[in-house]
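Please keep the sequence and the structure in view while reading.

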Amino acid sequence: MRTTTVGDVTILLPDLDPEDLDQVTDLFDEDIRDGLFDGVSWRGGQLADRSIRGCRITGADLGEVSWEAGALYGCEIVGTDLSGATLTGISIERCAFTGSRFTGTRLIDVRLKDVLFDNCRFDYATLNRVSAAGSVAFTNCTFGHGNWSSCRLPGIALRSCDLSDLELESCPLDGADLRGSRLQHFRTSLENVKGVALGEDQLPDLTRLAINALSIVVRAGD
């Protein structure tokens, strides 16, 4: 069993042996299991009620893919482009994403469990009604100009991430670990960050967040 720990979050990771995987180049009509995808392009592809299990995907172009229902289970996704993709109603479990791009990606009604995102880009990405059903961690990721709304993500780890200009709407992060993350221009109500863990060096950013959220006017003394 392969695991990793981010702060207080322990994630069960996929444990794949490339020698046990079959090379795959095309999208099929049936579910895919134990496949190795290297440099494939499925840009703009359509998937419905499909499952991909026990696969390793590296250097793939999945930009603008539309995937509705189904599951991604026990997979490693490395250096893959999912920019502009729309993922709706899928379950992602025991997966690791490394060095992948989610620029402008939309995740809607997605369920996450034992998922690690490391060094990924979520600029302008939209998360709507995304839920964490188990351990979830983001490390060294960027979320510039993104929007999260109506998500349930308590206790997740957002370590050493850039949250600049990320906006949260009805998205409580109770118990989340934000230590080491950049909070400049982070846009959210104070209710959404109730109970999060921060480092001492982040307190000035939290102060600015509180001042903006409460519409406090800071004036120089007479």
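Which side chain meets Arg 129 in a salt bridge? In this predicted model, the partner is Asp 109, with a distance of 2.6 Å from N to O. Arg 129 lies in the loop between strand 14 (126-128) and strand 15 (131-132), while Asp 109 lies in the loop between strand 12 (106-108) and strand 13 (111-118), so the pair ties together parts that are 20 residues apart in sequence. Arg 129 is partly exposed at 39% relative accessibility, and Asp 109 is also partly exposed, at 34%.

**Salt bridges**

Side chains of opposite charge can pair when their charged atoms come close. A search of the whole structure finds 11 salt bridges, and the table lists three of them, including the pair already described.

| Pair | N to O distance |
|---|---|
| Arg 129 and Asp 109 | 2.6 Å |
| Glu 76 and Arg 56 | 2.4 Å |
| Asp 81 and Arg 43 | 3.6 Å |

The salt bridge between Glu 76 and Arg 56 links distant parts of the chain, with Glu 76 in strand 9 and Arg 56 in strand 7 (residues 56-58), 20 residues apart. Glu 76 is buried, its relative accessible area being 13%, whereas Arg 56 counts as partly exposed at 25%.

For the salt bridge of Asp 81 with Arg 43, the two residues sit in loops: Asp 81 between strand 9 (76-78) and strand 10 (86-88), and Arg 43 between strand 5 (35-38) and strand 6 (46-53), so that this pair ties together parts 38 residues apart in sequence. Asp 81 is partly exposed, with a relative accessible area of 22%, and Arg 43 is partly exposed at 41%.

**Aromatic pairs**

The structure also holds 12 aromatic pairs. The ring centres of Phe 97 and Phe 117 are 4.8 Å apart and their planes stand at 15°, so the pair is stacked.

Key:
Residues are numbered from 1 along each chain as its sequence is written. This is a predicted model: local features need pLDDT of at least 70, side-chain atom pairs count only at pLDDT 80 or more; totals for chains, interfaces and linings use all residues. Side-chain values use heavy atoms; hydrogens and water are left out. A salt bridge is a side-chain nitrogen of Lys or Arg within 4 Å of a carboxyl oxygen of Asp or Glu. Helices (H or I, at least four residues) and strands (E, at least two) are DSSP runs, numbered from the N terminus. Buried means under 20% relative accessible area, exposed over 50%, partly exposed in between (1.4 Å probe, protein chains only). Rings of Phe, Tyr and Trp (its six-membered ring) pair if their centres lie within 6.5 Å; planes under 30 degrees apart count as stacked, over 60 as edge-to-face and the rest as tilted.
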